[in-house]
Amino acid sequence: MALNTSKEGKATIAIEKQTSKIPSGVYLTVALAAMAASLTLKCFKQKHTALFVGQWAAPLLIMGLYNKIVKTEGHD
């Protein structure tokens, strides 16, 4: 089975250049802040808003992981 040797698109490279400037710890901090905000909203009986904000944590952590992988392994 042959490997896919196509290069990344220009838009992808531009996005990765910009996001690689953000330290990986920022994604973790923002995800934890989203969880804390969700808990706070839940305590104030804002159930739907708390669920909405709480669901931000997983995508933020995934973006942080992707950012870390791109920094260590490169984008190609």
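Q: Why does Ser38 count as buried?
A: Ser38 has 15% relative accessibility, and buried means under 20% relative accessible area, exposed over 50%, partly exposed in between (1.4 Å probe, protein chains only). So Ser38 falls on the buried side. Ser38 lies in helix 2, where helices (H or I, at least four residues) and strands (E, at least two) are DSSP runs, numbered from the N terminus.

Q: How do you know what Ser38 is in contact with, leaving aside its neighbours within four places in sequence?
A: Contact means heavy atoms within 4.5 Å, and on that count Ser38 touches Ala50, Val53 and Gly54.

Q: What kind of model is this?
A: A predicted one, where local features need pLDDT of at least 70 and side-chain atom pairs count only at pLDDT 80 or more, while totals for chains, interfaces and linings use all residues. Residues are numbered from 1 along each chain as its sequence is written, and side-chain values use heavy atoms, with hydrogens and water left out.

Q: What makes helix 2 roughly antiparallel to helix 4?
A: The axes of helix 2 (residues 24-43) and helix 4 (residues 57-73) cross at roughly 175° and come within 8 Å. Axes are lines fitted to C-alpha atoms, for helices over the stretch in contact, and angles run from 0 to 180 degrees between N-to-C directions. Angles under 35 degrees count as roughly parallel, over 145 as roughly antiparallel, 65 to 115 as roughly perpendicular and the rest as oblique, so this pair gets the label roughly antiparallel.

Q: Which residues of helix 2 meet helix 4?
A: On the helix 2 side they are Ser24, Tyr27, Leu28, Val30, Ala31, Ala34 and Met35. Their partners in helix 4 include Leu60, Leu61, Met63 and Lys68.

Q: How many aromatic pairs are there?
A: The count comes to one.

Q: Why is the pair of Phe52 and Trp56 called edge-to-face?
A: Rings of Phe, Tyr and Trp (its six-membered ring) pair if their centres lie within 6.5 Å; planes under 30 degrees apart count as stacked, over 60 as edge-to-face and the rest as tilted. Phe52 and Trp56 sit 5.4 Å centre to centre with 75° between the planes, so edge-to-face it is.

Q: What does the whole chain look like in terms of elements?
A: From the N terminus on, they run α-α-α-α, with four helices and zero strands. Buried residues make up 16% of the 76 residues.
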